[in-house]
Amino acid sequence: SSEYLAQRQPANPEYYVEMAGLQAGQKKFAEAAASWREALRLYEQSNQPLRAAFAHLQLAQAIGEISANSSEELPHLESALDAYSRLNDPEGQALASAFLGLYHLRRKDEARAQALFDSALRLARASKKPSLAAFVLSNIARRCEQQSNASCALDYARKSAALYRAARDSDGESSELQTEFRALEDLGRHSEAFEALLQVRRAADSSGGALNRFWVRRSLARLLFQRGDYARGLDALRDARAIAVAADQPLNSALASLDLAGGLMTIGDSEAALDAVNFALPIFRRLKSSDDEFAALLTLIEIHSARESVFKDFDKAMDYYKDARSLIGPSDRRVASLSMAAEEIEFQQARYKEAIARASEAFSQYTGANDMQGMSAALVALAEARSASGDAKTAEDDLQRAAALLQRVDSFYLHARYHYVRAGLLRRQMHFQEAIDEYLAVIRRLEQVQPTDGAL
């Protein structure tokens, strides 16, 4: 253990290297940095320049984990690059250049970052090590992704994945396929994204790495839910949770369980959803993961306020609302989610004025965040509340605005809800045939749901 090694205090730098690895694995980056400093001192003292260059590089990484704004990180990266250059080590130069590129990327110096990435790629190719070139290409893809340049990210991720595949590095290939998937999603090429995700699953399952296998199943579930294939989406999440439990990853098991609860609520199984949240919430609290605790509380609000829930209890829902509200500040973007949850509670109690106010708050908050799906959901909720209050004209305007936004939103549930609310408005206006047509539109959407071809 790191404690055992620390007690021995040896003069051999390799002990400190081992200690630093253990400390970094435990997320104790300040302690890892101290170990790397000692290793560096001993390497320099014993005149081992190559190992000292490596220590500079690793120390810089540990410092970067402690603080993204440390003034100490850059000198160690530059010392590593200088040492590798003097030693004429192209592999070390490529690695140091790539890490320096990431450093400057974090500081928004894109020109400097690109120059370093280009240099790293030239050096990597000169080393004739495909895995090193793949690593550099991966970092360039990350740069493009951070710049919201999905086409660029897609191009470099595919090049990196091909090199990892040639090197039979399943973990590396899986990571690049994940970048490819995200880029395709950002480009709106959802069918290709789904196929890319199936490739990720094959690569992840081949590598045997629990984290990649977990990630791909959570991502698959989200896409399957968007398609309305809840049965397979739920199965994917059950697999993800089982993988995390077997790998002794409590946070990931709780995250999968919370996703599972959301899917179960959508299909109306509030009892199983409550079991899933009750599995997740204690883990979030034990690990002090307040963001995830907030999400779990939001799901509990839904369980106790959903129209079809067997656990409907508005007082309990509001208690969870207060708990969730205490976790975030007034300017937090998640206030919009709470406003929508409160709107549903007000609506079901026929407090339409209050429901309209809550949905209006949410719409304003989602607009500020440019969240089209949130804006669409808020407008549909506004239309339903205004329709119930007798304001059919404004409700119709809300639905027209929602329809325009929904053309750019990929959500099976939200599209179905739009037709359902529009049907209710038309029924109240006594346009019965048009209302029937809208209800039929909901039914047609449900009938169009087909399980994804092939085993997942």
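A residue counts as buried under 20% relative accessible area, as exposed over 50%, and as partly exposed in between. Phe54, with a relative accessible area of 27%, is therefore partly exposed. The structure described here is a predicted model. This briefing covers its aromatic pairs, charges over rings, nonpolar cores and one of its pockets.

**Aromatic pairs**

- The structure contains six aromatic pairs. One of them joins Trp36 and Phe54 in an edge-to-face arrangement, with 5.6 Å centre to centre and 75 degrees between the planes.
- Trp36 belongs to helix H3 (residues 29-45) and Phe54 to helix H4 (residues 49-66), so this pair ties together parts that are 18 residues apart in sequence.
- Trp36 has a relative accessible area of 8% and is buried, whereas Phe54 is partly exposed.
- The ring centres of Phe181 and Trp215 are 5.9 Å apart and their planes stand at 80 degrees, so this pair is also edge-to-face.
- Because Phe181 lies in helix H10 (residues 170-186) and Trp215 in helix H12 (residues 210-227), the pair ties together parts that are 34 residues apart in sequence.
- Phe181 is buried, at 2% relative accessibility, while Trp215 is partly exposed, with a relative accessible area of 22%.

**Charges over rings**

- Arg241 places its charged end over the ring of Phe279, at 5.2 Å from the ring centre.
- The ring of Phe294 has the charged end of Arg334 over it, 4.9 Å from the centre of the ring.

**Nonpolar cores**

- The largest nonpolar core comprises 52 residues. The residues with the most contacts inside this core are Leu57, Leu77, Val136, Ile140, Tyr156 and Leu197.
- Helix H6 (residues 90-106) gives the most to this core, contributing eight residues.
- Neighbours within four places in sequence aside, Leu77 is in contact with Leu57, Ala60, Gln61, Phe99, Leu100 and Tyr103.
- Another core, of 38 residues, lies apart from the largest one; among its members are Leu234, Ala280, Ile303 and Ala342.

**The second largest pocket**

- The second largest pocket holds about 310 Å³ of space.
- This pocket is lined by 13 residues, of which Ser138, Asn139, Arg142, Ser175 and Glu176 are the closest to its centre.
- Two or more lining residues of the second largest pocket come from each of H6, helix H8 (130-146) and H10.

Technical notes:
Residues numbered from 1 in each chain as written. Predicted model: local features only at pLDDT ≥ 70, side-chain atom pairs only at ≥ 80, totals over all residues. Heavy atoms only, no water. Phe/Tyr/Trp six-rings, centres within 6.5 Å; stacked < 30°, edge-to-face > 60°. Helix = DSSP H or I, 4+ residues; strand = E, 2+ residues; numbered from the N terminus. Buried < 20%, exposed > 50% of the residue type's maximum accessible area, 1.4 Å probe, protein only. Lys NZ or Arg CZ within 6 Å of the ring centre and 35° of its normal. Core = buried A, V, L, I, M, F, W, Y, C linked by side-chain atoms within 4.5 Å. Contact = heavy atoms within 4.5 Å. 1 Å grid on protein atoms, 1.4 Å probe; cavity = no way out; pocket = protein on both sides within 12 Å on 5 of 7 lines; lining within 4 Å. Points joined across faces, edges and corners; volume = space filled by probe spheres on them.
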